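The account starts with a charged pair and then turns to other parts of the chain.

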Amino acid sequence: MSDVVTERNDRRTVRRARYAVAAVFAVHGAVTGSFATRVPWIQDHASLSTGQLGFALAFTAFGASCAMPLAGRISHRFGSRTALRGLIALWTLALVLPSLAPNLYTLCLAMFVYGATAGTADVAMNALGVEVERLLNRSIMSGLHGLWSAGALIGSAAGTLAAHLGSDARLHFALAAGVLTLLGVLACGWVLDVQPAEDEEPPPRFALPPRSALLIGAVGFCAVFAEGASLDWSAVFLRDRLDSSAGLAAASTTGFMLTMAVARIAGDAVVNRFGAVRTVRVGGVLAALGGLLIVVARHPAVAMSGFALMGLGIAVVVPLCFAAAGHSGPNPSQAIAGVATITYTSGLIAPSLIGGVAQATSLTVSFVLVTVLACGLVLFAGVLGGGRREAREVSPRAAAVPGRQP
């Protein structure tokens, strides 16, 4: 009888942990969505050219690249729950920093901190998501990333409204950061608390991604590059290339996030029906078609349709990359961190590279590059077709609820 009760408690614990980590994904996404819609305001506030804005955004990638390999060691030192609580709070509060920067130099520093906190929180929450997926023995990563996109959609919708009303981004970001910090910290109280074994060696501070993660990361690189470019430059594209209003330009970002959210929420069912490889290949075709619409657009509606189609095509790629990494190689945690480093560094590099290409040529040419990378999804999707590991039983390392052992 006691074994049955314990098993029920264990299942309840894992389900609760799934909802909790989903909430954390949504909070993380809301920060990204909030920031993306106010990039034109930040550019104007700091009096930056397109090339200078791209240079400043490059420091986001630099900060993330430096900090992401530390996420595993932080979780090992403090336990996954405490580590995630602290990292998500730092990330939500970092949202305020870019709006306070009055010039290029201070914006570069702000974006470094913004990227560092984004990357470490991202690795920690994805590692917990893969752990919950293993315990449930079914695909949930696309749904979790769907909640990230839903959070980003909410954040971008609020940003669209703020941009339409002409509000100061400093006030907007301060209010958003306060609310999201509270929600994130509360949600972390119910995630799995994975503690290292007494004789377990701490992970290295910095380590190269394992070989098993490189090809998977390359697929994620293509998708996240398109995502980062679309998030941070869609509003600027409509404003500068198609002479759209601030509200309509911000709405293009919202449309992009909407299609990503819908596709990711439905993604687990689609992947279970058609398989990861076929899903990613079809998505690559849709993303490339969206890129072509952006490149040839002469009217805002055409460009907005292209960004929406781009979001639909790349939506499930990153969740499938994390799932594939979690089921590959002898050290899943290291593989997840490796794929995270490759893919999200791509997303953080993309805005600055898009800006650099745009400065030398035009934003239209920049999105030709995005379209070419989208075609890479069609070519390299086969690396996501590896087998899945069997789910493990809930171990004593995963605490149920605060104060209760499973």
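## Charged pairs and their surroundings

Asp240 has a relative accessible area of 40%, so this residue is classed as partly exposed. The model described here is predicted. Asp240 takes part in a salt bridge with Arg239, in which the closest N and O atoms are 2.9 Å apart. Salt bridges with shared partners join Asp44, Arg239 and Asp240 into one network. Arg239 counts as partly exposed, because its relative accessibility is 22%.

In general terms, side chains of opposite charge can pair when their charged atoms come close. The structure holds five salt bridges.

| Asp240 and Arg239 | 2.9 Å | Asp240 40%, Arg239 22% |

Where do Glu131 and Arg134 lie? Both belong to helix α7, and they stand three residues apart, which is about one turn of the helix.

## The chain as a whole

The chain has 406 residues, and buried residues make up 57% of them. Its secondary structure consists of 16 helices and two strands. Among contacts with a separation of 6 or more, 86% are between residues 24 or more positions apart. The accessible surface of the chain comes to about 16500 Å², and carbon and sulfur atoms account for 65% of that area.

Is Thr37 buried or exposed? Its relative accessibility is 3%, so Thr37 counts as buried. The side chain of Thr37 reaches the backbone oxygen of Ser34 at 3.1 Å. Leaving aside residues up to four places away in sequence, Thr37 touches Ser156, Gly159, Thr160, Ala250 and Thr253.

Helix α4 spans residues 71–78, and its buried residues are Ala71, Ser75 and His76. Seen down the axis of α4, these buried residues fall within an arc of 135°, so they line one face of the helix. They pack against α3 (50–67), α5 (80–94) and α7 (104–136). After α4 comes Gly79, which has a positive phi, near 90°.

## A nonpolar patch on the surface

Leu97, Leu100, Leu109 and Val113 form a nonpolar patch on the surface, and together they have about 340 Å² of accessible area. Which elements give two or more residues to the nonpolar patch? They are α6 (96–100) and α7. Val113 lies in helix α7, and its relative accessibility of 33% means that Val113 counts as partly exposed.

## Positive phi values in two loops

Most residues other than glycine have a negative phi. Ser47 is a residue other than glycine with a positive phi, near 55°. Its place is in the loop between α2 (39–45) and α3. Ser47 has a relative accessible area of 61%, so this residue is exposed.

Asp243 likewise has a positive phi, near 55°, in a residue other than glycine. Asp243 is found in the loop between α10 (211–241) and α11 (246–274). At 69% relative accessibility, which is over the 50% cut-off, Asp243 counts as exposed.

Notes
Residues are numbered from 1 along each chain as its sequence is written. This is a predicted model: local features need pLDDT of at least 70, side-chain atom pairs count only at pLDDT 80 or more; totals for chains, interfaces and linings use all residues. Side-chain values use heavy atoms; hydrogens and water are left out. Buried means under 20% relative accessible area, exposed over 50%, partly exposed in between (1.4 Å probe, protein chains only). A polar contact is a pair of N or O atoms within 3.5 Å; within protein, one must be able to donate a hydrogen and the other to accept it, and residues adjacent in sequence count only if both atoms are side-chain atoms. Contact means heavy atoms within 4.5 Å. Helices (H or I, at least four residues) and strands (E, at least two) are DSSP runs, numbered from the N terminus. The arc is that of the directions from the helix axis to the C-beta atoms. Patches are made of residues with over 30% relative accessible area and no salt bridge: like charges are joined within 9 Å, nonpolar side chains (Val, Leu, Ile, Met, Phe, Trp, Tyr) within 5 Å. Accessible areas come from the Shrake-Rupley method with a 1.4 Å probe; for residues, only the protein chains shown count as cover. A salt bridge is a side-chain nitrogen of Lys or Arg within 4 Å of a carboxyl oxygen of Asp or Glu.
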